[in-house]
Amino acid sequence: MKKFALRTLNILPMMALMSAVWAQQTVTVGVSVSATGPAASLGIPEKNTAEVIPSKVDGVEVKYIVLDDATDTGNAVRNMRKLISENNIDVMVGSSVTAASLGLVDVAAETKTPLISLNGNAVVVTPAEGAKHWAFKTAQNDSLMAQALKTAMLKAGIKKLGVIGFADAYGQGWLKEMKAALEGSGISIVASESFARTDTSVTGQVMKVIAAKPDAVLLATAGTPGALPQRELKQRGFKGQVYHTHGSANNDFLRVCSKACEGIILPVGAVVVARQLEDGHPLKEEGMTYTKLYEAKFGENSVNAFGGHMWDAGVLINAALPAALKTGAKPGTEAFRSAMRDALENVKDAVGVHGVFTMSPTDHAGLDDRARVMVKVQDGKWVYQPDLLK
């Protein structure tokens, strides 16, 4: 008993010393998001969220430095290199869109800097080897959301589907995932068209899709540009159900789309309807914590899914940080960046606002079916539809 007591007395000062050392350290997180350009409605809430993420873990300060890449891959790459060379960052977060995130993956591997992407395309982290050994993500994989859409379509009796998406990695990735999800379901894609995010007209694409007489149309878009084909479908008299991807889940999209959005259905992260979730839902408490912090700073009903992806990046960083610090590596060093990468890969049951993250060497997204709910736009608001996934 005396020996045990003596050992305990020796350990306590050591723990106190470690805490004191940690408290003197600052971990620096670099962020590049699309706060301007076509994806601004995604990047602005991501940028804002960096201001409300808890900035201390076990007494260690976590400092976020945010730059705008204007929805441009070259800018995103330059931002990351600048944050590494001038600010000596320990972790990189970004970007808002797939192409820019892919550009950052190569820089992450070259500089041995862990990267947390904020977009949904699984190609950023799959397979988790080579350059992607350094990449993680917080947005739900598109495949997870495509399966949810298939379930909702089957419940609605859809047989023929038209698709209109972006003419880039996002739209192409979604078309691929939707085809995979629908295989063997009895639902066929009868028309597929694409357009650029900066286009001002999609009349030709919409008319071709309507001519194929689909029961429903999926718009594989993200942010406010998705309002363009949505309005055109309504103006051209399309009467079938219109589905969207989770890329449309922000209030700027609702504002731009206005009444043309009534009745659309889409899968989203639970944070979008945190107040509507049933008590006991695994994500309600974290969702409400984030919602209250964000809306206290940026206004009532201002929270959206994309800011939630940034919050979850903070959840992952804060969950990984204690393990990285225990290695003895100091922030600002290559050894610490490597320790953070390893710690991120071993995060278990970290509750975010979009899902519960459990990473592994083969899974750098770490989300399961809890990371999605279905919503419908009614009276200009997102309304929780739990029955669509049952």
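In this predicted model, Tyr294 has a relative accessibility of 2% and therefore counts as buried, the cut-off for that class being under 20%. Its aromatic partner is Phe298, and the two rings form a tilted pair, with 4.8 Å from centre to centre and 40 degrees between the planes. Both residues belong to helix α10, where Tyr294 and Phe298 are four residues apart, or about one turn of the helix. Phe298 shows 27% relative accessibility, so this residue counts as partly exposed; the class covers values between the 20% limit for buried and the 50% limit for exposed.

Tyr290 sits in helix α10 (residues 284-298) and Trp311 in helix α11 (residues 305-326), so the contact ties together parts that are 21 residues apart in sequence. Both Tyr290 and Trp311 are buried. Taken as a group, Tyr290, Tyr294, Phe298 and Trp311 are linked by ring pairs into a cluster.

A cis peptide bond is found between Gly94 and Ser95, with omega at about -5 degrees. Ser95 is part of the loop that runs between β4 (91-94) and α4 (98-111). A cis bond also joins Thr126 to Pro127, again with an omega of about -5 degrees. Here the loop in question, which holds Pro127, lies between β5 (115-117) and β6 (135-137).

Positive phi values in residues other than glycine round out the picture. For Lys213, which is not a glycine, phi is near 55 degrees. Lys213 is placed in the loop between α7 (203-211) and β9 (216-220). With a relative accessible area of 63%, Lys213 is exposed, because that class begins over 50%. Asp379 likewise is not a glycine, yet has a positive phi of about 55 degrees. Asp379 reaches 70% relative accessibility and so counts as exposed.

Definitions and conventions
Residues are numbered from 1 along each chain as its sequence is written. This is a predicted model: local features need pLDDT of at least 70, side-chain atom pairs count only at pLDDT 80 or more; totals for chains, interfaces and linings use all residues. Side-chain values use heavy atoms; hydrogens and water are left out. Helices (H or I, at least four residues) and strands (E, at least two) are DSSP runs, numbered from the N terminus. Buried means under 20% relative accessible area, exposed over 50%, partly exposed in between (1.4 Å probe, protein chains only). Rings of Phe, Tyr and Trp (its six-membered ring) pair if their centres lie within 6.5 Å; planes under 30 degrees apart count as stacked, over 60 as edge-to-face and the rest as tilted.
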